[in-house]
Amino acid sequence: MATATKKKASVRLQPIGERIVVQREEVEETTAGGIVLPDSAREKPARGTVVAIGTGKLLDDGTRGQSQLSEGDHVLFSSYAGETVEIDGEEYLLMREDDVLAVIG
């Protein structure tokens, strides 16, 4: 007898306007001295990779300004920036492009 299996549906997150989606980089689990840090003691990194970009900021004349970022850019952002969203077990940050402080080249 054949058994039907459910295929996990993949959800695509497309930001609107001047918003971007960033995936945080993994944090080190041990200190330089070899001490293992528990999850509660770890500070979330303020750097990540841009995975999606919105359509751009709406300007006063009704046109859309082009984003300064592109998908795949490694960025630094303020530590309190964005809204955390979890999709398919992965954690992403949805933030404004203005929250990005620098691009790591």
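Modeller: Arg47 and Glu25 form a salt bridge, with the closest N and O atoms 3.0 Å apart. A salt bridge here is a side-chain nitrogen of Lys or Arg within 4 Å of a carboxyl oxygen of Asp or Glu. This pair links distant parts of the chain: Arg47 belongs to strand S2 (residues 47-53), while Glu25 sits in the loop between S1 and S2, 22 residues apart. Strands (E, at least two residues) and helices (H or I, at least four) are DSSP runs, numbered from the N terminus. The model is predicted, so local features need pLDDT of at least 70 and side-chain atom pairs count only at pLDDT 80 or more, while totals for chains, interfaces and linings use all residues. Residues are numbered from 1 along each chain as its sequence is written, and side-chain values use heavy atoms, with hydrogens and water left out.

Both partners are partly exposed: Arg47 has a relative accessibility of 35%, and Glu25 has a relative accessible area of 26%. Buried means under 20% relative accessible area, exposed means over 50%, and partly exposed lies in between (1.4 Å probe, protein chains only).

The whole structure holds 2 salt bridges. Another salt bridge joins the side chains of Glu18 and Arg96, at 3.1 Å from N to O. Glu18 lies in the segment before strand S1 (19-24) and Arg96 in strand S5, so this contact ties together parts that are 78 residues apart in sequence. Glu18 is buried, at 15% relative accessible area, whereas Arg96 is partly exposed, at 35%. Side chains of opposite charge can pair when their charged atoms come close.

The strands named above also pair with one another. S1 and S2 run antiparallel and are joined by 5 bridges, and Ile20 has Ile53 of S2 as its bridge partner. S1 also pairs with S5 in the antiparallel sense, over 4 bridges; there the bridge partner of Val22 is Leu93. Two strands pair if DSSP finds at least two bridges between them.

Glu26, Glu86, Asp88 and Glu90 gather in a surface patch of negative charge. Patch residues have over 30% relative accessible area and no salt bridge, with like charges joined within 9 Å and nonpolar side chains (Val, Leu, Ile, Met, Phe, Trp, Tyr) within 5 Å.

Conventions. Accessible areas come from the Shrake-Rupley method with a 1.4 Å probe; for residues, only the protein chains shown count as cover. Lys and Arg count as positive and Asp and Glu as negative; His and the chain ends are not counted. The place of a charge is taken as NZ of Lys, CZ of Arg, CG of Asp or CD of Glu.
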